[in-house]
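Here is a short note for anyone opening this entry for the first time. Please keep the view open while going through the points.

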Amino acid sequence: MTLRFDPENIDQFKAQIRGIPGYPVGEDLPIREMVFESGALWRLPDLLLIAGMKTDQTLSVVMDRTPMQREGKDLKELILQILESAGWQMDVIWLEPDGSGQVHTDFPNINAVKARLQPNSAVLSVGSGTVTDIAKHACYVLQQEHNIPPLPFVVYQTANSVSAYTSNMAPTFVDGVKRTLPSRYPDVLVCDLETLRDAPQAMTVAGVGDLLAAFGSYADWWLAYRLGIDNTYTEFAQILMGPLDEIFLEQADGLKAGHLESMSILAKLIALAGLAMSLSHATAPLSGYEHVISHVLDLVAEKKKRPLAQHGTQVALATLLTTAGYQIFMDEFEPAEVNLENCYPTEAQMKARIGASFNPLDPTGHVASECWADYKIKLESWHTHRADFQDILHDWPGIRAQLHSLVKPPEVAAHILQAVSSPVRFIDLVPLPTESEVQFAFMSAPLIRHRFTLGDMFVFLNWDRETLWAQVNKNF
Ligand SMILES: [Zn+2]
């Protein structure tokens, strides 16, 4: 299997992706090296030098306490030993779990790491998505505060779990609601294939799941663009990522068996996804309705002091709902039946609806006001671009054909999940959300963000969403 755009050969890769329509003109990708190799671990001291670090500089190593094994040895101990033997002085910054037993990407953690960094620090993160995001964002905030050039920062990726490692954005809990904040790229990405192979299988299948978001998110992004609500849309992400369904079906057995070649392909796709979003200056290419559903489930878990489920698997299960929603929308939508006047709720109506949705979860009203602050941007834009919606009503056959070309049916995602032995039903998710929580997430996801998705279409069209839920909910 060869990927059309392979991030392994960095100079060639950078030159090739500049030619993809939608690449941001004049922008240079600052990542110096991305390594996907068997035994990359042993090259770590050299890779730190490539990132611009100096051995007389103290290296801040950011990790959490999750035990990790590589070929039967303690991975974190091994990394520290290798670096010590190479002459590095290290300051290990341990991230501690909160009351839920997990470490979350939030400002208490980001600030705790930042407090241990200096303007002349060099930083290595060793972990999966959360550890990487906390370390990356601590570097970024420190750089901003001191108005200094980026600290040398190397990401040692410990699982193929989520598309966080190469992105210059950080999904962060703000008042309990996940927000994507501008952040920074790593200088070097290290994917040691044995480390990725020996990570828990649940993380590997979650990495596949996070990418399945594309089966609905390209369409969400295009729809928002066509409605005049999001002008960032290009085909860059789709071209860069390639035919994900074909690639996953081909690699499924290798991923299950832990073949290093398949680990490498998945790591590269995950790297491409982070770059697709960063270079599109938006998470929208790979984060649509399914991600907002996942964010609501995270919000519910956080408020109930329950650990978060594996992000990518939760996203994949939500994708089964949203892509089923697309099939129904494409089959059943009748523009002639739309009463345009009823499609434009007022600010007061939507503010009340957001309060009614979220105040039971958070009686302080913080969550509702955080959601409203972001939602009202979308509502205003929806009102402003009324003519674009009318266009869509007139040109529905063309619109539907375009959506058809961008969406994959839920059966394709389900087939891939089965092929890699991923959970395919919410009942298999750990920890398990209740059916009414998933329904709540499906219904209220459009209300938490300014991101426009198919979910908003259903809200504004006053679609019978109880019936819709009964139609899409085949995964419990
Ligand atoms: Zn994701």
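What distance separates the centres of domain 1 and domain 2, taken over C-alpha atoms? The points below start there. Note that this is a predicted model.

1. **Two domains.** The domain assignment of the chain gives domain 1 as residues 10-198 and domain 2 as residues 280-472. Their centres, taken over C-alpha atoms, are 31 Å apart. The two domains do touch: 15 residues of domain 1 are in contact with 17 residues of domain 2. Between them they bury about 1,600 Å². Of that area, 56% is on carbon and sulfur atoms.

2. **The sheet.** Look next at the open sheet of 6 strands. Its order is β1-β10-β7-β6-β2-β5, and the pairing is parallel. β1 (33-37) and β5 (89-95) stand at the edges. Each has a single partner strand, so one side of each is left without a neighbour in the sheet. On average, neighbouring strands are turned by 15° against each other, direction ignored.

3. **Strand β2.** Which strands flank β2 in the sheet order? They are β6 and β5. Strands of a sheet pair through backbone hydrogen bonds. β2 (residues 58-64) pairs with β6 (residues 122-127) in the parallel sense, over 4 bridges. On the other pairing, 7 bridges join β2 to β5, and these two also run parallel. Serine 60 stands opposite valine 123 in β6. Valine 62 stands opposite serine 125 in β6, and its bridge partner in β5 is isoleucine 93. Is β2 enclosed or open? Of its 7 residues, 6 are buried, so β2 is largely enclosed by the rest of the structure.

4. **Aromatic pairs.** The count comes to 19 aromatic pairs. One of them joins phenylalanine 329 and tryptophan 396. Their ring centres are 5.3 Å apart and their planes stand at 65°, so the pair is edge-to-face. This pair links distant parts of the chain. Phenylalanine 329 sits in helix α13 (residues 311-332) and tryptophan 396 in helix α17 (residues 396-406), 67 residues apart. Are the two residues buried or exposed? Both phenylalanine 329 and tryptophan 396 are buried.

Note on methods:
Residues are numbered from 1 along each chain as its sequence is written. This is a predicted model: local features need pLDDT of at least 70, side-chain atom pairs count only at pLDDT 80 or more; totals for chains, interfaces and linings use all residues. Side-chain values use heavy atoms; hydrogens and water are left out. Two strands pair if DSSP finds at least two bridges between them. Axes are lines fitted to C-alpha atoms, for helices over the stretch in contact, and angles run from 0 to 180 degrees between N-to-C directions. Rings of Phe, Tyr and Trp (its six-membered ring) pair if their centres lie within 6.5 Å; planes under 30 degrees apart count as stacked, over 60 as edge-to-face and the rest as tilted. Buried means under 20% relative accessible area, exposed over 50%, partly exposed in between (1.4 Å probe, protein chains only). Domain bounds come from an automatic or database domain assignment. Contact means heavy atoms within 4.5 Å. Buried area is the accessible area (1.4 Å probe) that two parts lose on being put together, summed over both.
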